[in-house]
Amino acid sequence: MKPTPLKLFLLSLALILLAWILSAGTLLNLYIQQVLMYVGINVILTLSLNLVNGYMGEFSVGHAGFMAIGAYVASLLTVAVFPTAWGPLIFPLVLVIGGLAAALAGLVIAFPSFRTRGDYLAIVTLAFNMIVKSVLENIDAVGGPRGYLGMARLTDLTWVVFWVLITLLVLRNFIYSNFGRGVLAIREDELAANLVGVNTPRLKIYAFCLSAFFAGVAGGLYAHLLQFINPRSFSILKSTDMLVMVYLGGVGSLTGSVLGAALYTLLMEVLRPLELWRWVLGPLLLVLLMIFRPTGIMGLKESKWIRPAEEQG
């Protein structure tokens with residue numbers, strides 16, 4: 001049975017309602033809720049990064065920089081700009097503004113990066129991640145290396161599920177639109193895409209900014225979940241974790257992004273007793289994936305619940 005828009009809409013409403021019931025009641029303890037929220041935030045990050053690395057065929061390694069911008073902008077708005085009492089009401093707006101700030105940074109990065117070919121995007125985004133971290137460490141207004149705190153705990157399971165569904169919806173519609181077809185053409189052969197009339201520079205910028213936007217939203221959710229952020233939280237190690245989740249779940253697959261983020265987050269939680277050594281697993285797992293399973297579990301495959309009806313034959 002093929003999923004219809006009505007079925008998908010009702011399923012989304014049911015998931016949001018279930019998340020609200022679970023977060024408002026006592027069916028799940030706070031620890032399990034916290035882990036589920038981490039899973040959801042990582043799903044958003046993985047989906048957004050997969051748009052660039054999986055669907056467009058580029059290689060970005062500084063996604064944590066966009067997450068940091070979203071986290072700090074959203075935190076400054078709820079702590080220093082708007083009254084604290086307004087927090088629950090303006091939280092969605094704050095997340096969007098944080099996402100737009102990250103998208104603006106993505107636009108600044110995209111213009112020079114996509115004028116070249118090859119691995120230059122990886123070098124530029126790596127430098128961008130390091131620059132963002134260093135700048136935040138040297139701005140006393142946001143706590144410098146000590147970090148920034150004072151945010152209310154506005155993130156709950158309902159908001160995380162809501163933004164996961166929004167991310168899935170927007171990226172699904174983008175990928176299966178004419179813009180998305182152009183992005184896929186760029187991945188297969190950029191020169192051929194240019195020859196058939198695809199405006200490759202414009203599409204690259206669109207995809208990259210959209211990816212950065214949702215990374216910024218995830219950063220805002222993360223900041224208002226932990227109620228404390230510092231520049232070390234957004235180092236290259238965080239970007240490496242995102243890469244592992246993308247390539248574990250599968251490049252070019254929204255379903256794979258959800259699967260990879262969930263598996264990796266839960267694995268890291270299970271290995272928490274190993275303390276520092278569990279962070280060795282992330283880079284090691286990335287190396288093993290690149291050698292033995294470069295496309296991941298669901299690489300270039302999609303669930304029928306994600307693909308439009310006309311794509312299912």
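Reader: In this predicted model, what is the handedness of the crossing in which α10 passes α11?

Author: The crossing of α10 past α11 is right-handed, and the two elements involved are helix α10, residues 236-249, and helix α11, residues 254-270.

Reader: Why are α10 and α11 called oblique to each other?

Author: Their axes come within 7 Å and cross at roughly 125°; angles over 145 degrees count as roughly antiparallel and those from 65 to 115 as roughly perpendicular, so α10 and α11 are oblique to each other.

Reader: Which residues of α10 and α11 meet?

Author: From α10 come Asp 241, Val 244, Met 245, Leu 248 and Gly 249, which meet Gly 256, Gly 260, Ala 261, Leu 263, Tyr 264 and Thr 265 in α11. The residues of this contact of α10 with α11 divide into 6 nonpolar, 4 polar and 1 charged.

Reader: What makes α3 and α4 oblique to each other?

Author: Helix α3 (residues 63-81) and helix α4 (residues 87-113) pack at about 140°, with axes 8 Å apart; since roughly antiparallel requires an angle over 145 degrees, α3 and α4 are therefore oblique, and their crossing is right-handed.

Reader: Which residues in the largest nonpolar core touch the most other members?

Author: Of its 87 residues, these are Leu 51, Phe 66, Phe 208, Leu 221, Ile 229, Phe 234 and Leu 254, while helix α9 (residues 200-226) supplies the largest share of this core, 16 residues. Setting aside neighbours within four places in sequence, Leu 221 is in contact with Ile 41, Ile 44, Phe 91, Leu 95, Thr 155, Trp 159 and Trp 163.

Notes
Residues numbered from 1 in each chain as written. Predicted model: local features only at pLDDT ≥ 70, side-chain atom pairs only at ≥ 80, totals over all residues. Heavy atoms only, no water. Axes fitted to C-alpha atoms, helices over the stretch in contact; angles between N-to-C directions. Helix = DSSP H or I, 4+ residues; strand = E, 2+ residues; numbered from the N terminus. Parallel < 35°, antiparallel > 145°, perpendicular 65-115°, else oblique. Left-handed = near helix turned anticlockwise from the far one by under 90°. Contact = heavy atoms within 4.5 Å. Nonpolar A, V, L, I, M, F, W, Y, C, P; charged D, E, K, R; others polar. Core = buried A, V, L, I, M, F, W, Y, C linked by side-chain atoms within 4.5 Å. Buried < 20%, exposed > 50% of the residue type's maximum accessible area, 1.4 Å probe, protein only.
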